[in-house]
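Please keep the sequence and the model in view while reading.

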Amino acid sequence: MLRKFCIAIAVVVGAAQPLSAADVNPQADAKAFKEYFTKRFSKVPLNDFVNGPYSMDEGLRKQWKAIDEFPPYEFAIEQGKQMFATPFKNGKTYADCFPDKGIGVRQNYPYFDTKSGQVITLEVAINQCREANGEKPLDYTKDDMAAVTAYMAFTSRGKPFDIKIPDDPRALAAYNNGKQYFYTRRGQLNFSCASCHVQSPGDHIRTEVLAPAYGITAALPIYRSAWGGMGTTTRRLRTCNSQVRGVPLPGGDENYRDVEYFLSYMANGLPISGPGARP
Amino acid sequence: MRNLIRLTVALAVGGFATAALAASADDFKAAYAKAEAASKQAHAHKNEWTTTLGALKAAKAAGDAGKFDEAVKHAQEAEALANASVAQSEEQKKLWPDAVVR
């Protein structure tokens, strides 16, 4: 009873609108989310959703299979591996900042940090690690960040997402903020994330096939042919904002952290497939 | 003579009309300030539109070049876009739950 009361207060204060505790039920959300996609795309094997547009379009899938014989993200994995092993100026490495020395842990990110009361994505954790060891944080969108996360994702391939929402009203508020961000229309084109990735997966926008939201974070970071290089989760989100004529948020913004938390929780049980390659 | 008077009157009326329609530096400053205020509101909602910033930039460039008519027009466009993005944010606070997969 007390927990429900706390949740209701946190949500009302956090989201500044009168939501009841019954409206914030991550487990029910995840169940409905999975059912929506698996019913709508009943021929797509469950674990194939993490392959995004390739799970929706046979022709595109064939191209991907051909491209994947010489994966364009391979250089990023190598660079990330090297960065991971290179000591900081104080002699420590990334491995000192992460559980299991950072190997095979991608599936546990983002997580809710009960000390700071914030969602910690893998990218945020990498920068926290650097700053704690006297190094400058990496740009959230550029190649170095993509390289480290690519290597960490690669060591976690096949491991199922295991995102937890602790028994903390702040965690629920963060989850709900991410959910709100995902479903909120923005930009001059008046699109939400859901407009493309829930309502229209498999459809084309010009030459691109839209990916389903279910499992969409599993392949990140990605090499995008359209970018001619690697991109981080932050880059992907910022690009989505720009594409609807919205001004992107800065890297590490609370909304970006929370929406990744929401989406990754929705993907619980699906395997990490990153780094990925996309058109 | 009569034609000369007509011409003089026509030019004078035309001149006054142009003077009345032309925007001044102060008009531009006022319009730009209003646009900036609206844009700050949109920023507070974390929902600025790229087109708003584009129109603000165009307004400033025209203002700096002394093209005040054009500058006011761009500033007014920026203000309208910013106000629309704020209205979108306010509306979406109520509407987003309707889109949730249940």
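This is a predicted model: local features need pLDDT of at least 70, side-chain atom pairs count only at pLDDT 80 or more; totals for chains, interfaces and linings use all residues.

**Helix 5 of chain A and its surroundings**

In chain A, helix 5 is followed by A:Gly134, which has a positive phi near 75 degrees.

- Helix 5 of chain A spans residues 122-132, and its buried residues are A:Leu122, A:Glu123, A:Val124, A:Ala125, A:Ile126, A:Asn127 and A:Cys129.
- The cover over these buried residues includes strand 2 (118-120), helix 6 (143-154), helix 9 and helix 10, which belong to chain A.

**Domains of chain A**

- The domain assignment divides chain A into domain 1 (2-15 + 23-71 + 161-278) and domain 2 (74-154).
- Taken over C-alpha atoms, the centres of domain 1 and domain 2 of chain A are separated by 21 Å.
- How many residues bring the two domains of chain A into contact? Domain 1 of chain A contributes 30 residues, and these are in contact with 25 residues of domain 2 of chain A.
- On the side of domain 1 of chain A that touches domain 2 of chain A, at least two residues each come from helix 7, strand 6, helix 9 (233-243) and helix 10 of chain A.
- Helix 10 of chain A gives the most to that side of domain 1, with five residues.
- By residue type, the side of domain 1 of chain A that touches domain 2 of chain A has twelve nonpolar, nine polar and nine charged residues.

**Packing of helix 7 and helix 10 in chain A**

- The axes of helix 7 and helix 10 (residues 254-266) of chain A lie 7 Å apart, and the two helices pack at an angle of about 90 degrees.
- Helix 7 and helix 10 of chain A are therefore roughly perpendicular to each other, since angles of 65 to 115 degrees count as such.
- The residues of the contact of helix 7 with helix 10 of chain A comprise nine nonpolar, three polar and two charged.

**A sheet in chain A**

- Three strands of chain A form an open sheet in the order 6-5-7, with mixed pairing.
- Why is one side of strand 6 (229-231) and of strand 7 (276-278) of chain A left without a neighbour in the sheet? Each of these strands stands at an edge and has a single partner strand, so one of its sides has no neighbour there.
- From one strand to the next, the twist averages 35 degrees.
- Strand 5 (residues 222-224) of chain A pairs with strand 7 of chain A in the parallel sense, over three bridges.
- A:Ile222 has A:Gly276, in strand 7 of chain A, as its bridge partner.

**Backbone features in the loops of chain A**

- A:Tyr109 and A:Pro110 are joined by a cis peptide bond, with omega about 0 degrees.
- A:Pro110 is placed in the loop between helix 4 (74-85) and strand 1 (111-113) of chain A.
- A:Pro221 belongs to the loop between strand 4 (208-209) and strand 5 of chain A.
- A:Arg245 is a residue other than glycine, yet its phi is positive, near 65 degrees.
- The loop between helix 9 and helix 10 of chain A holds A:Arg245.
- Is A:Arg245 buried or exposed? A:Arg245 counts as buried because it has 20 C-beta neighbours inside 10 Å.

**Chain B**

- Chain B has four helices and zero strands, and its pattern along the sequence is α-α-α-α.
- Chain B has 102 residues, of which 26% count as buried.
- Among the contacts in chain B with a separation of 6 or more, 72% are between residues 24 or more positions apart.
- B:Lys46 is not a glycine but has a positive phi of about 55 degrees.
- B:Lys46 is in the loop between helix 2 (25-44) and helix 3 (50-64) of chain B.
- B:Lys46 counts as partly exposed because it has 17 C-beta neighbours inside 10 Å.

**Contact between chain A and chain B**

- Chain A has 21 residues in contact with 15 residues of chain B.
- Helix 2 (26-40) and helix 7 (169-183) of chain A each supply at least two residues of the side of chain A that touches chain B.
- Helix 2 of chain A provides the largest share of that side, three residues.
- The side of chain A that touches chain B consists of eight nonpolar, ten polar and three charged residues.

Note on methods:
Residues are numbered from 1 along each chain as its sequence is written. Chains are lettered from A and ligands numbered from 1 in the order in which they are written. Two residues are in contact if their C-beta atoms, placed from the backbone, lie within 7 Å. Ala, Val, Leu, Ile, Met, Phe, Trp, Tyr, Cys and Pro count as nonpolar, Asp, Glu, Lys and Arg as charged, and the others, Gly among them, as polar. Two strands pair if DSSP finds at least two bridges between them. Axes are lines fitted to C-alpha atoms, for helices over the stretch in contact, and angles run from 0 to 180 degrees between N-to-C directions. Angles under 35 degrees count as roughly parallel, over 145 as roughly antiparallel, 65 to 115 as roughly perpendicular and the rest as oblique. Domain bounds come from an automatic or database domain assignment. A residue is buried if 20 or more other C-beta atoms lie within 10 Å of its own, exposed if 12 or fewer, and partly exposed in between; C-beta atoms are placed from the backbone.
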